[in-house]
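Welcome! Here is a short tour for anyone meeting this structure for the first time.

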Amino acid sequence: MPPRGARISPAAGRLPAYPGCAEIRAEDTASGHAACAFFFLISFTMVECRIRTELSIAAPNLVSLRCVNPYHHAPSFENMGSLATATITLNDSFLHDKFEDRYTEPDPEVFECDSGSDRESNDDNYDSDADSNLCEEFYGDKVLGGQNVIRSLSNATSLELIADVGELILNREMEMCPIFSNLKVLTLGEWCMADDFHPLVLFLQHAPNLERLFLKLKVDHEEIEDDIKPEGRSFVCKNLATVKIKCPKDDERVRVLAHFFVANGIAMEKISVYHRPTRQTCKSLALRCRWADV
C-alpha cells in the first residue's frame, strides 16, 4: 500500500487501484485505465490530467475531491456516498474529440490553469475560472466524458463548480439534477448564468438547506433579459444567509440577480457584490507598480 499522499507518476500510464490508500494526487497523468476503485480513499486531487480514454472512478469512502481542468476526457464518478467537499473545474476546449489530434503535447500558451492547491475555494481574492476561455475552433466537436458528475456529488456539503458560459458537461448533467439535501455551501462559475441563469435556478430548487452561495462571474458573458418572468424560477432556501456575487464593475446582471433573490424571500442585506478586476485593470496596476520601482 503506498503511503498517505502518494503521487501517481505520469510514466505509470494509468491510474492504478490502491485499495488502502488514504490520499492520492494525480497531476499531468496520462491514464489509459477504464475503471478504478479506491475503497479506502479519503482525498483525491486530479490536476490537469491527460486522460486518453473513458475513466470511471469509484470511491465509496471519499470525503474530498478536487478535479481541475482534465484534458481529452472528463472523468466520471460513481459510488461517492461519503463525499463532503468537491471542486470541479472544466474547460470544454480541452475535452473535445478533436483535442488530441490538434494538441499532441500540451502547449503552455494554450494550457493556462491556475491550480494552486493551497488556495481556499471560496477566497474572494481567488478566481479559479479567470483564464479558462473557450476555444471557438472546437465548436461542433463532441465533448468527451463527465457522465454522472452532478449526481455523484449529491451528498456533498460544499461544492465548487467552475466553467465558462456554454459549458456542455455540467449543463447536460444538470438536466438530471438530484436533491442536494446536505449542501450548505455552493460556488458556481459563469456557466450557471446560461439560459437566463437556468442552471442556477435548478441548483437552488434542489438545495433546500443551502446556507451560503458564491457566484464568480466573468467579463465576457451572454446578454440577460431585464424582465425575466418569475414562472418556474421560484425556490425555497430558508437557511440561505449569504449571497456573494463577484463580477466585473457595472455588470448589468447584478440588478437582475438581486431582483430574483429578493422575489424569492432573500433580504437585500444578505446580498454582497464584489467587483473583480478586468485584464485591463490588472495591466494598469502592473504598470503603476513598475513605475513605482523606478
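Let's begin with a charge and a ring: the charged end of Arg233 sits over the ring of Phe197, 5.3 Å from its centre. Please keep in mind that this is a predicted model. Phe197 also belongs to a cluster, joined through ring pairs with Phe235, Phe260 and Phe261.

**Aromatic pairs**

- The count of aromatic pairs comes to 7.
- Tyr71 and Phe94 have ring centres 5.1 Å apart and planes at 80 degrees, which is over 60 and therefore makes the pair edge-to-face.
- Tyr71 lies in strand β9 (residues 71–72) and Phe94 in the loop between β11 (85–89) and α1 (99–102), so this pair ties together parts that are 23 residues apart in sequence.
- Both Tyr71 and Phe94 are buried.
- For Phe180 and Phe203, the ring centres are 5.0 Å apart and the planes stand at 35 degrees, so this pair is tilted.
- Phe180 is in the loop between α2 (168–174) and β13 (185–188), while Phe203 is in helix α3 (residues 194–205), and the pair links these distant parts of the chain, 23 residues apart.
- Phe180 counts as buried because its relative accessibility is 0%, and Phe203 counts as buried at 0% as well.

**An open sheet**

- Three strands form an open sheet in the order β4-β7-β10, with parallel pairing.
- β4 (35–37) and β10 (76–78) stand at the edges with a single partner strand each, so one side of each has no neighbour in the sheet.
- On average, neighbouring strands of this sheet are turned by 20 degrees against each other, direction ignored.
- β4 and β7 (residues 56–58) run parallel and are joined by 3 bridges.
- Ala35 stands opposite Ser56 in β7.

How values were computed. Residues are numbered from 1 along each chain as its sequence is written. This is a predicted model: local features need pLDDT of at least 70, side-chain atom pairs count only at pLDDT 80 or more; totals for chains, interfaces and linings use all residues. Side-chain values use heavy atoms; hydrogens and water are left out. Two strands pair if DSSP finds at least two bridges between them. Helices (H or I, at least four residues) and strands (E, at least two) are DSSP runs, numbered from the N terminus. Axes are lines fitted to C-alpha atoms, for helices over the stretch in contact, and angles run from 0 to 180 degrees between N-to-C directions. Rings of Phe, Tyr and Trp (its six-membered ring) pair if their centres lie within 6.5 Å; planes under 30 degrees apart count as stacked, over 60 as edge-to-face and the rest as tilted. Buried means under 20% relative accessible area, exposed over 50%, partly exposed in between (1.4 Å probe, protein chains only). A charge sits over a ring if NZ of Lys or CZ of Arg is within 6 Å of the ring centre and within 35 degrees of the ring normal.
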